[in-house]
Amino acid sequence: MKKCEEIENNLPLYLDNSLSGDDKKDVEEHLNSCPRCSKALVELSKTRSLVGNLADVEPPPWFKQKVMSRVREEAGKKSLVQKLFYPLRIKIPVQVLTTIFIAVLVVYIYRGGEDWMKEVVPLAAPAPMMEVQKDKSPEQKIKTSADEEKQKEETIQKNQMPRDTVRDKTADAAKDVNGQIAVDMEADKYASAPAAKSVVLPSAELEKKKERNISGASIAMKENKALRMQSIMSKTAVYLRVAEIDASAGEVEKLLVKYDAKNIARQITQNRAVLTAEVNNRKMKDLMAQLKTIGQIKENIMLLDNTEENVFLVIEILNK
Amino acid sequence: MLWVSNIIDGQKALYEDEDIKFVLACQKGDTEAFSVLVERHQKQMLNIAFRMTGDYDEACDIAQEAFISAYKSIRKFKGEAKFSTWLYRIVVNYSKNRLKQLRGKDRREGVSIDDSERTGTKEVMEPLINDSNPGAQMEKHEREAQVQKCITSLDDEHKEVLVLRDIQGFSYEEIGDILKIPDGTVKSRLSRARNALKDCLSKVIGDL
């Protein structure tokens, strides 16, 4: 027979009828001969009855409402995260692709910006360039000066407007530029003071140039290429006095075409017409002879440098 | 008791399918579906917490926090166990944690957690006093308070098994699922819990 202590441990389970067959038999045998354990079983039964009869408490009427108000608060917090990330299968790929796109765009802009800076930086400090030019050889000086003048002319051409008033201003500017070219060429020809050879761009032109540079790296690159091309050319300015400007301008243009001139540009106003073109140096003499048939010629500067292939020719047609 | 338990089990089985439906709705973001789950389980949640702590107000707070916690982590519920099992595990754990906090606080303040004043049975009793036989009702509630006091005095691991089995009527298997302990452990703990409660009641009430 098992001791009372062991049996007492099994009594609560015996009460539940959850003992195995042997244990149950042992308990029953023990209970038949042990009043103490039998009493314990009765007490356990009463205890279970007392516990089982405990009344349920009811939740307060506000309970569900309070829980749900807290739940809605939590849902509100959650919805921010859900707005950003849910549904995951859609929003995560979109966010990843957007991030990659922005990263690529930033890298592209950054690299583009580097080229742009390379183009802009030399223009931002023109003064030291002038200093350097003083020590250059006369040919180099001519090229540099011509480069700058070409820039001026280009600016004038690019800013040409359809209105007459604008045309007048442009033509005046062209005249000024041509005058400047003449002065510069003359200065070069007689090898005067080096400082006089450097042309200082007018502030307005500088501003325009800056604006052009800011407008994009590609434009700056194209302009630089054009400037480099022009810098290797000599320049000739011709004044042609005629009876009818328009008709003569047409004839001169035909002549230029005939002599295979490149980059022909024409500006016509009431009092004058300005034609610019690149002409082969070897054809210059013939061209000049033909121009004399159209009107009275006055060559301000005639630089005949046989080493150069092309000459930048400016023809200003005026009334007699 | 077994008959009652079977009826409760039958109702629970009926609820289980319905629970899953509302749980899925909650997981898809339907907040209002959770109110159905609260409605269904609030009483049992509150009673588990109340029998564990013996304090009605504490039990209300615990059940409320357990529901909020369940809502927060409802996406983690994968249906491996019954939803009610998962929910009752939360309330049991919240109750045990709260009891630990209270014991720590009482230890610092030199108050016993078993003090009858601590239990909220008085507040629960008051509305029930208005009955045809106030004397009998008083006696009944006094007895219930004594029983609750003895339950509250048990170790946490004994208390939880006793509450789930003898008060809430869960099966050994369900208790094992709720507490994540094997059947054998449930039985041994229940056996010790019942003996300890019997001894306590014998001391408090006298001859049972």
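Start by selecting Leu313(A): beyond its neighbours within four places in sequence, it is in contact with Thr236(A), Val238(A), Thr276(A), Ala277(A) and Val279(A). Keep in mind as you go that this is a predicted model.

Is Leu313(A) buried or exposed? Leu313(A) is buried, because 24 other C-beta atoms lie within 10 Å, and the cut-off for that label is 20 or more.

Next, move over to chain B and pick helix H8, residues 172–179, where you will find Glu174(B). Glu174(B) counts as buried, because it has 21 C-beta neighbours inside 10 Å. Show Thr85(B) as well: its C-alpha is 7.2 Å from that of Glu174(B), although the two are 89 residues apart in sequence.

For the last stop, stay in chain B and select helix H3 (residues 56–72) together with helix H4 (residues 83–109). At what angle do these helices pack? The angle is about 130 degrees, and the axes are 9 Å apart. That angle makes H3(B) oblique to H4(B), and the crossing is right-handed.

To see the contact itself, show side chains on both helices. On the H3(B) side, look for Glu58(B), Ile62(B), Ala63(B), Glu65(B), Ala66(B), Ser69(B) and Ala70(B); they meet Leu87(B), Ile90(B), Val91(B), Tyr94(B), Ser95(B) and Arg98(B) in H4(B). Colour the residues of this contact by type and you get 8 nonpolar, 2 polar and 3 charged.

Definitions and conventions:
Residues numbered from 1 in each chain as written. Chains lettered and ligands numbered in written order. Predicted model: local features only at pLDDT ≥ 70, side-chain atom pairs only at ≥ 80, totals over all residues. Buried ≥ 20, exposed ≤ 12 C-beta atoms within 10 Å, placed from the backbone. Contact = placed C-beta atoms within 7 Å. Helix = DSSP H or I, 4+ residues; strand = E, 2+ residues; numbered from the N terminus. Axes fitted to C-alpha atoms, helices over the stretch in contact; angles between N-to-C directions. Parallel < 35°, antiparallel > 145°, perpendicular 65-115°, else oblique. Left-handed = near helix turned anticlockwise from the far one by under 90°. Nonpolar A, V, L, I, M, F, W, Y, C, P; charged D, E, K, R; others polar.
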